[in-house]
Amino acid sequence: MVKAVVAGASGGIGQPLSLLLKLSPYVHDLALYDVVNSPGVAADLSHICTEGKVTGHLPKDDGLKNALTGADIVVIPAGIPRKPGMTRDDLFKINAGIVKDLVTGIAQYAPDAFILIISNPVNSTVPIAAEVLKKHNVFNPKKLFGVTTLDIVRAQTFVTEVTGNTDPKKFTVPVIGGHSGETIVPLLSLVEPKVSVPEDKYADLIKRIQFGGDEVVKAKEGAGSATLSMAFAGYRFAEAVLKGAAGEKNVIEPSFVYLDGVDGGSKVKESVGVDFFSVPVEFGVSIRHYCQLKSAKILTIYSQTVPSLCTTHWTRSPPRNRNSSRWPSTVSRATSQRASTLSKTLLPPSKLYMFENNLSYCLTKLFLECNKLSQELYNKIIIYENPKRLHPEPEFKGSDIFWGNPTQTP
């Protein structure tokens with residue numbers, strides 16, 4: 001019997017994600033948690049004639065505890081959606097506190113559960129979750145995942161369109177890096193089965209994969225972001241975890257993970273110089289015990305062909321001067337220079353330059369985000385743990401959650 005929890009089940013991603021999980025043969029107990037409307041969503045889903053019960057929980061009456069207790073897998077889409085003009089940094093100021101509180105609950109009530117984080121910005125919310133779990137001595141890097149599957153889903157769809165094919169499901173498109181803009185690096189030369197992308201469409205294809213979310217925000221005219229496609233991607237990744245846990249073989253999905261906790265990940269870390277990175281991982285063994293992550297073929301290819309790109313490594317300790325930047329201005333230059341030494345066997349010569357530029361910018365961006373993260377961690381998790389400087393209480397307004405400015409202290 002598998003118990004799945006959706007934290008943020010009443011939102012634009014949470015509701016369709018909950019629907020898909022209710023239809024999954026791998027889920028037998030579905031618990032929905034949110035600050036509003038979750039009992040109503042649960043009542044609605046409970047009428048669907050599939051196996052398994054559905055329960056809804058609110059914060060009152062130990063709702064989070066009741067939802068999480070006994071959970072095998074927790075999916076977190078909670079937080080506010082991206083709106084026109086918002087960057088992932090803007091989202092961070094709000095969603096980081098939400099993720100921190102939810103993961104604290106998981107550490108207390110479901111420490112052995114798989115944790116799948118959808119809440120953006122994934123590049124920062126996943127390291128925050130790791131720090132919270134470490135604080136409670138329950139961090140298992142093989143059970144914490146940043147869901148980057150939407151990048152792969154988009155890549156499959158867009159590659160199919162550009163190449164004139166009709167079935168996206170038949171393509172495997174590896175996407176590595178992070179989950180924001182230029183940190184998303186699709187490896188189009190390694191698509192299986194092989195495809196030929198027209199040279200005049202190559203740059204636009206990469207940009208569309210990287211910034212597909214902007215396309216949706218614009219099309220919805222400010223009324224929302226990518227919710228339905230994200231719900232599908234979240235479900236696909238959750239089902240991959242559950243399939244692997246049920247003993248199915250060759251279940252592989254890329255995910256934003258702590259590299260030192262993944263078999264073969266340390267080699268990638270040596271190359272990219274960051275602790276967290278999205279790489280393909282293989283799932284397996286028992287959901288009640290552990291999830292064995294093995295480096296997939298593409299990870300091996302990547303680690304063997306990409307040399308060390310930058311000698312500066314991110315550390316989790318906060319900078320002594322919270323107002324100063326940890327990283328020297330030479331990071332971008334060093335990354336750019338060393339990225340040019342990429343093996344010519346990784347990509348065709350005509351497309352190598354574009355990958356070099358993307359990877360260079362990707363790593364520079366990740367360094368900057370990690371630097372920001374270390375400062376934000378200092379402000380949010382360390383300062384606010386001081387009883388004299390309490391974290392601001394959330395204010396609820398409609399379906400949005402406002403946590404105030406995390407850089408301010410009372």
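Me: Which residues of helix H7 (residues 199-210) are buried?

Reply: Tyr202, Leu205, Ile206, Ile209 and Gln210. Buried means under 20% relative accessible area; exposed means over 50%, and partly exposed lies in between (1.4 Å probe, protein chains only). Helices (H or I, at least four residues) and strands (E, at least two) are DSSP runs, numbered from the N terminus. The model is predicted: local features need pLDDT of at least 70, side-chain atom pairs count only at pLDDT 80 or more, while totals for chains, interfaces and linings use all residues. Residues are numbered from 1 along each chain as its sequence is written, and side-chain values use heavy atoms, with hydrogens and water left out.

Me: What does the face of H7 turned away from the buried side carry?

Reply: Exposed residues: Asp200, Asp204 and Lys207.

Me: How many aromatic pairs are there?

Reply: Rings of Phe, Tyr and Trp (its six-membered ring) pair if their centres lie within 6.5 Å; planes under 30 degrees apart are stacked, over 60 edge-to-face, the rest tilted. By this rule the count is six.

Me: Why is the pair of Phe139 and Tyr258 called edge-to-face?

Reply: Their ring centres are 5.7 Å apart and their planes stand at 65 degrees, so the pair is edge-to-face. Phe139 sits in the loop between helix H5 (122-135) and strand E6 (144-146), and Tyr258 in strand E9 (residues 251-258), so the pair ties together parts 119 residues apart in sequence.

Me: What makes Tyr258 buried?

Reply: Its relative accessible area is 13%, and the limit is under 20%. Tyr258 therefore counts as buried.

Me: What makes the aromatic pair of Phe145 and Phe237 edge-to-face?

Reply: The planes are at 65 degrees, and the centres are 5.6 Å apart. The rule asks for over 60 degrees. Phe145 is in strand E6 and Phe237 in helix H9 (residues 228-245), 92 residues apart. Both are buried.

Me: How do you know that Lys134 lies over the face of Tyr258?

Reply: A charge sits over a ring if NZ of Lys or CZ of Arg is within 6 Å of the ring centre and within 35 degrees of the ring normal. Lys134 is at 5.2 Å from the ring centre of Tyr258. Lys143 lies over the face of Phe114, at 5.0 Å.

Me: Which residues touch the most other members of the largest nonpolar core?

Reply: Leu32 and Leu116, in a core of 49 residues. H9 gives the largest share, nine residues. A second, separate core of 39 residues includes Val74, Ala78, Ile94 and Ala113. A nonpolar core is a set of buried Ala, Val, Leu, Ile, Met, Phe, Trp, Tyr and Cys residues joined through side-chain atoms within 4.5 Å.

Me: Why is Ser18 called buried?

Reply: Its relative accessible area is 0%. The limit is under 20%, so the label applies. Ser18 is in helix H1 (residues 14-23). Contact means heavy atoms within 4.5 Å. Leaving out residues up to four places away in sequence, Ser18 touches Val6, Ala9, Leu30, Leu32 and Leu45.

Me: Why does Phe211 count as partly exposed?

Reply: Phe211 has 28% relative accessibility. Phe211 lies in the loop between H7 and helix H8 (212-219). Beyond its neighbours within four places in sequence, Phe211 is in contact with Gly181 and Glu182.

Me: What is the phi of Asp61?

Reply: Near 55 degrees, a positive value in a residue other than glycine. Most residues other than glycine have a negative phi, and most peptide bonds are trans. Asp61 is exposed, with a relative accessible area of 65%. Asn137 has a positive phi too, near 60 degrees. Asn137 is exposed at 71%.
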